[in-house]
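I am opening a page of notes on this structure and will write down what I looked up, entry by entry.

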Amino acid sequence: MENKKELRTWLDDLNLSHPLVIAGPCSAETEEQVLKIANDLKDTDVSYFRAGIWKPRTRPGMFEGVGALGLKWLQKVKAETGMKTATEVANAAHVKLALEHDVDLLWIGARSTVSPFIVQEIADALNGTDKIVLVKNPVNPDLALWLGAIERLATANIKNLGVIHRGFSTYEKSKYRNNPEWQMAIELQTKFPDLPIINDPSHITGNRDMIFDVSQTALDLNFDGLMIETHFDPDNAWSDAAQQVTPTALIQIMKDLKIRKETDPEAEYNKSLDNLRAQIDIVDNQIIGLLGKRMKASDGIGTLKKQKNVAVLQSKRWNEILGRMVLEGQEHGLSEEFILKMFKAIHQESINHQEKIING
Ligand code: PEP
Ligand code: MN
């Protein structure tokens, strides 16, 4: 990716005094629904009106979008409200139709980014376009696949590029619909600081009550904008009902978000501080999650020891662990004193868990 600075020209040219906001329903359902939501959003900080026309559903038999007909509704949105429009494209035919209907921003969905064939087909169909093209992360946490898609578009002479971070699917259930894996977004930003990055808290959380917190974390991590699914009757939306917010709720979210765009030294300092604190919060949550996992394994050992009537404390094994962790700690700049203290506490908690099982 050469001339990386050019990648953000489209965003800089918008001259926004706040993060970029893309909002609108998950799916275009009817002409009235699309126009009503667009009218509710027109005099707000929302820059692009989104609506899915072709919907990639994980399982068949669900609403798969209204198809090309919806593009006419997006044209009406532009004519009636002056808002710019955005939709997902997943093959060359979609691209052709979207360009013919003058959609301003196209995004590649998470289920398409995983396929280099599809991405290449879209890149070829878009060759040389000045439309904005945003690439959602692939459903699986693979940074190379995400970057590969961006590279295919850049090689096809598409200048106005960016990415959307929408989280990653996991086999294990978590509180998120799609795990944010923030470290990956941070790594992407570190490698390509000029590539605009938009957060999609709707698909990360799958739950409208969590959208504000994830949006704030994203802004603290220097994301350039947000894509938030918005519907006047979220509960009755034809797709992704649980995660959509009303236009009123969206306006409140935008109002409440702490945004730091100023450039005086004090503001810069606070912004850097928020960024580092957000990183620490993410790691702290991961630590707690891992410790919980460790204790679950420990509980399993407790059950086995109970069956075999074996003592809880196995000193030889414990000393081996400590020795290994002290060495591992050194490699990460952690003092022996700290490692010993921390593992003593972990070990004690482990013993408590096992004793509870054996005596319980
Ligand atoms: C969407 O934006 O409605 C969508 C289908 O998103 P994703 O590709 O992130 O699942
Ligand atoms: Mn959706």
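I looked up M342 and found this residue in helix α14, where helices are DSSP runs of H or I with at least four residues and strands are runs of E with at least two, numbered from the N terminus. The model is a predicted one, in which local features need pLDDT of at least 70, side-chain atom pairs count only at pLDDT 80 or more, and totals for chains, interfaces and linings use all residues. Residues are numbered from 1 along each chain as its sequence is written, chains are lettered from A and ligands numbered from 1 in the order in which they are written, and side-chain values use heavy atoms, with hydrogens and water left out.

I noted M342 as partly exposed because its relative accessibility is 32%; buried means under 20%, exposed over 50%, and partly exposed in between, with a 1.4 Å probe and protein chains only.

I then turned to I357, which is found in helix α14, residues 336-359. I357 also counts as partly exposed, because its relative accessibility is 24%. Leaving aside residues up to four places away in sequence, I357 touches D299, G302, T303 and K306, a contact being heavy atoms within 4.5 Å. I also checked I357 against K78, 279 residues apart along the chain, and their C-alpha atoms are separated by 64 Å.

I recorded both H203 and D240 as buried.
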